[in-house]
2 protein chains.
Amino acid sequence: MRIGIAGYGKLGRSLELLAERSEDVEVLGIFTRRDPREVDTYGAPTLPFSSIGEYKDEIDVLCLCHGSSFDLPTLAPILAESFNTVDSFDNHKDIAGYKAQMDAVAIQNSHTSLISIGWDPGFLSLMRLYISAFVPGGSVNTFWGRGVSQGHSEAIRRLDGVKKAVQYTVPREDALTLASLVCHNLSDTDRHRRVCYVVAEKGKEDLISSKILSMQNYFLGYETEIHFISDEEFDKYHHSLSHRGRIYSLGSSGRYREIKHSLYLDLEIGSNPDFTASIMLSGARCVYKMQTEKRYGAYSIFDVPPSYFASDKSENVMKCL
Amino acid sequence: MRIGIAGYGKLGRSLELLAERSEDVEVLGIFTRRDPREVDTYGAPTLPFSSIGEYKDEIDVLCLCHGSSFDLPTLAPILAESFNTVDSFDNHKDIAGYKAQMDAVAIQNSHTSLISIGWDPGFLSLMRLYISAFVPGGSVNTFWGRGVSQGHSEAIRRLDGVKKAVQYTVPREDALTLASLVCHNLSDTDRHRRVCYVVAEKGKEDLISSKILSMQNYFLGYETEIHFISDEEFDKYHHSLSHRGRIYSLGSSGRYREIKHSLYLDLEIGSNPDFTASIMLSGARCVYKMQTEKRYGAYSIFDVPPSYFASDKSENVMKCL
């Protein structure tokens with residue numbers, strides 16, 4: 001399988017290293033909007049993003065490693081005209097619309113796209129779906145973090161007077177306890193608090209604080225902490241890439257609902273981009289198989305039979321059963 | 001969806017109660033080889049197993065609740081001639097052969113069968129497959145128990161001189177620790193020990209012990225404990241239906257494999273038959289959908305797109321993403 005990597009931030013770099021180590025994958029090129037001569041890769045050739053169309057027939061699957069906030073929504077539908085694609089688009093509430101848009105383009109051009117495949121959305125989405133179907137009367141509570149939310153960090157960085165900013169999503173301790181004891185679905189604001197570290201221009205702290213706290217969908221309604229710190233402190237302490245995802249489910253059965261069932265999943269991720277890249281590369285293999293079977297269109301992980309994710313269909317699949 | 005329940009042991013009974021509570025499901029009948037007048041159900045009509053063929057056109061999906069050791073391998077392929085079926089056949093090493101047999105019958109008769117769908121094989125099989133695909137360089141260790149293994153209990157009961165017997169599969173503490181610390185796949189015998197409680201005829205204890213310990217595929221190579229107990233003690237203490245399944249996975253990424261990832265899943269099941277029934281009923285809904293789409297043949301959970309397990313495709317699926 002010959003892949004291309006579009007976008008070379010942390011995710012693209014993780015994907016390159018992983019692909020270079022995989023015997024079945026060849027990285028044909030990394031497409032960047034920066035000056036390709038100034039991009040230091042693990043070894044794959046860098047090419048100008050503007051030339052990507054020339055590689056239309058040489059790339060089996062193009063891995064889209066751009067951000068979800070601005071780049072993917074505009075670039076992905078254009079790239080899906082010329083390529084089979086895989087991405088980890090993660091704006092949960094916009095996924096349905098994004099999928100419809102990608103589906104139309106992919107079908108029209110006889111391409112296959114697998115969208116929103118990372119650890120969440122992606123792996124944990126699968127868990128939620130299967131838990132909802134299998135655990136009788138089951139609650140499902142997902143906790144993210146402690147880890148950086150790119151979307152929330154970006155939202156702060158766009159504010160006037162902000163020089164640097166990072167936002168950690170942190171599970172609320174009381175909610176973790178509650179989810180492990182009571183069969184009840186908690187809201188997102190009940191489950192998480194948001195901890196922000198900001199480097200600000202002098203005198204603008206109060207205004208920034210009030211703007212953060214009133215930001216709808218991002219901070220409003222959440223328990224939010226804001227710490228203004230120095231440039232040095234920021235650079236020294238805030239470069240962790242780790243993340244965590246936990247799911248609690250409680251259910252019951254029996255004549256009087258007296259029989260209890262519980263499920264606990266704890267995913268500790270040393271590097272968010274590395275783990276996401278690993279799932280995306282697995283998704284790229286699916287896209288490659290589906291494309292050879294002429295299964296065109298845009299798919300989410302829910303549309304793909306699990307067997308497509310086994311490296312060798314007949315043997316490894318049966319080993320897992 | 002009108003279902004039939006074939007076999008009315010603990011699993012059939014759990015399935016009946018669950019189905020009666022589901023608005024979208026009607027239990028058309030329970031088919032038993034016992035005298036139907038002597039079978040006390042939650043309310044569904046009992047019918048002689050021999051009459052099952054008469055209900056061929058009235059049952060959408062037949063839920064096979066027979067045991068995996070003897071009944072399913074012989075009965076299921078016959079029933080798949082006349083019905084769409086779902087079962088939780090759990091002899092891991094025979095699944096491939098069983099599936100091929102069911103597939104041939106189902107295709108020939110334009111029926112759909114979903115096989116081996118319970119919590120393991122089934123739910124945990126899915127977890128193993130996705131973990132293998134997604135966790136970079138990941139180990140996967142599954143631990144069963146403490147809980148009763150029907151197959152192992154039956155194997156003991158067949159021995160001469162055994163009146164009653166139950167076998168608990170128990171994770172080895174050293175293996176649990178190892179799996180949480182080291183990225184290495186442990187063997188089944190490394191991970192589990194087998195604890196047996198037997199009511200025996202007087203004087204036959206030694207012979208029974210040596211026969212148990214030398215039984216290939218079941219006890220040979222395992223750390224095995226055998227306790228001979230009285231009839232009264234057996235009846236008093238050995239009717240728990242609970243079970244447990246845990247999966248540990250460790251992986252690594254990064255240039256020097258210095259970045260660590262870990263996954264821990266803990267499924268605590270209050271009642272094995274209740275939980276298995278819940279997954280089977282969810283599987284019956286899939287079979288029903290697939291049959292209307294003329295997807296004939298025998299499928300394992302690996303062949304079915306996850307979205308088929310969502311109760312309402314468009315809405316609930318997106319909620320999980």
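Reply: Across the interface of chain A and chain B of this predicted model, the rule finds 22 residue pairs in polar contact, both residues at pLDDT 80 or more; a polar contact is a pair of N or O atoms within 3.5 Å, where, within protein, one must be able to donate a hydrogen and the other to accept it, and residues adjacent in sequence count only if both atoms are side-chain atoms.

On the side of chain A that touches chain B, the residues divide into 36 nonpolar, 13 polar and 12 charged, where Ala, Val, Leu, Ile, Met, Phe, Trp, Tyr, Cys and Pro count as nonpolar, Asp, Glu, Lys and Arg as charged, and the others, Gly among them, as polar. Chain A and chain B bury about 5200 Å² between them, with 67% of it on carbon and sulfur atoms; buried area is the accessible area (1.4 Å probe) that two parts lose on being put together, summed over both. The elements of chain A that give two or more residues to this side are helix H1 (10-20), helix H3 (95-108), helix H4 (123-134), strand E13 (259-269), helix H10 (272-292) and helix H11 (313-320), with helices (H or I, at least four residues) and strands (E, at least two) taken as DSSP runs numbered from the N terminus.

The contact takes 61 residues from chain A and 60 residues from chain B, contact meaning heavy atoms within 4.5 Å. The same surface serves both copies, as 98% of the contact residues of chain A recur in chain B.

As to conventions, residues are numbered from 1 along each chain as its sequence is written, and chains are lettered from A and ligands numbered from 1 in the order in which they are written. Local features need pLDDT of at least 70, side-chain atom pairs count only at pLDDT 80 or more, and totals for chains, interfaces and linings use all residues, while side-chain values use heavy atoms, with hydrogens and water left out.
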